[in-house]
Amino acid sequence: MRLNLFWKLGFAFFALLIAVLLPVDFYAERALRRNYDRAGFDQLAAIARIALADPPPASSLAAASFASADRAALRDWVAKMSASNVRVTVIASDGQVLADSQSDPRTMENHAGRPEIRDAFAKGEGQSSRHSVTVDSNLLYYAVRLSVAGGPPVVLRFALPLQTVDQELWEFRRRLWLASVVMLFVTGFVSLLISRTFSSRVERLEMFSRRVAEGDFSPIEADRSGDALDSLAVSLNQTAAQLDRTIRTLTEERNLSSAILGSMVEGVAVVNASERLLFCNAGFAEILGLDVPPQSGRALVEVVRQTELIEAVRDVLKGEPRVETEIVTGTLRQRFFAATVASVRAAETSGAVIVLHDITELRKLERVRRDFVANVSHEFKTPLTAIQGFAETLLAGALDDPQNRLRFLEIILEHSRRLARLTDDLLKLSKMDADRLELEIRRLSVSQFVESCIETTQRPAAEKNLRISVNLQQPMPDIAADRRRLAEVLQNLLDNAMQYTPAGGQITVSASADDSEVTFTVSDTGIGIPRADQSRIFERFYRVDVARSREVGGTGLGLSISKHLVEVHGGRIWVESEVGQGSRFHFTVPIFDPERNGVRSAR
């Protein structure tokens, strides 16, 4: 289990106190014992000087001729010397114990090997502190050499028991330990208080750092103690405030960048040197047909299937500063994108930025422009060639041929009318493009408007054996429209339905309303329109069946004109069709609102 700072500091203080008290106790005991030993040896030396001043009789020290009287005299002297509570022993030069105040010398072993005896014979005096085998206790020994007239010297040894010293030392140790324990508890309690205060302040700083790590930059209250921790708290507050400002700035910049990149219709992605995605916006995922933006770190080849884009990225990663290419997505409805891959060089990393710009409309406009120029040239060339050919034929002599002259002139007239219709339609489209088409927006009844268009169509429909029916929602609100221009739209759709519906077919005109607009629908049981052509049928001169269109005499501009007229009314037009099942053309017109519409002219 991990110990917190409080217990660590407490244990450290306790260990320090114990580490100090134990050596003090040890050295104090040693010093006291040395003092006691020194005092004991001094006491024994004083007794030894007294003994040397009043030695035993010389005759009693002759070990070889020990008489009873001599022994008694020696014992009396030993008893007199031991009256001061010391042990007195007389040892002959050969180590034999001649007399002892506490034991029978006959039972004592030879003392020649005792250290104090050896020193006394060698140096005149000797001392030691050791355990006595004879009396089985610790003693202080002090021995002096005594010269005997006419004989070898002897040693007078005086001993003082250490039992008293041990008792004194034990009493001293007990008092010392008691004082140490009291000091340990007092200083330990104070140290715990200090460590508690210190650890509490450190824990507050730790909690503050955790709050900062979690995003809470509220400042910590300083202790105002003036020490290092107070300075650290002030410094941390300043750091947290600066960090808060920096993070706020970075967050605002990141949010702004994310908002900009997220709102861009262009696809933007960043790839690192390992060809792995670091970032991509929603536009990039939408362009590639992904349900959700890919996760950061995925390989580029797992996300992008366009080899041109992958090769461009690899060229940039190899050292090219900028590569531009074009990619195509989709099969049925193709979309074109201009891809720009630029190199990114940072301090520690490198990569590439991919930008995909949608140029589908541009390519579509280019295609429409090319088709328009080609179609206009073709549409003008056919009638002009016919007019030129028949005119040359008439000038070459056919003018005098009554049988063919009238037929040639009728052909020239028909082609000139076709040129006139084509020219009128082109002028009308030109006015629409230039916003110079004038509309008289008025209140218009839907039922009357539809009935007038149906009356015009009934006769040619009957000639082709086609049935026309009307299905209008009741009640039907009035619409705001230019009657003549809107009739041109509905009439155009009815003409197309009659042209591409076989004999015996059905054409239905219906209308329904919601809160803001009326939806008109012209449906037929004709040949239908392939799905691939439905997105282009409103383009100028676009024909699904070119041969049939030329056969019925169309210019290829009717649906394009209808689209412009519907849009200038504020509506929209679209088609739903399947080959062999017929077609349904829908267009919408705003409902009449007296407060907004009224009678007005629009361009």
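Reader: In which strand is the place of I91?
Author: This is a predicted model, in which local features need pLDDT of at least 70, side-chain atom pairs count only at pLDDT 80 or more, and totals for chains, interfaces and linings use all residues. Residues are numbered from 1 along each chain as its sequence is written, and side-chain values use heavy atoms, with hydrogens and water left out. Strands are DSSP runs of E with at least two residues, numbered from the N terminus. The run at residues 87-91 holds I91, and it is strand β1.

Reader: Is I91 buried or exposed?
Author: Buried means under 20% relative accessible area, exposed over 50%, and partly exposed in between (1.4 Å probe, protein chains only). The relative accessibility of I91 is 0%, so I91 counts as buried.

Reader: What distance separates the C-alpha atoms of I91 and N110?
Author: I91 and N110 are 19 residues apart along the chain. Their C-alpha atoms are separated by 8.8 Å.

Reader: Is S523 buried or exposed?
Author: S523 is found in strand β15, residues 517-524. Its relative accessible area is 18%, so S523 is buried.

Reader: Which residues does S523 touch, not counting residues up to four places away in sequence?
Author: Contact means heavy atoms within 4.5 Å. With residues up to four places away in sequence not counted, S523 touches Q506, I507, T508, S583 and R584.

Reader: Is L178 buried or exposed?
Author: L178 has its place in helix α4, residues 163-213; helices are DSSP runs of H or I with at least four residues. The relative accessible area of L178 is 53%, so L178 is exposed.
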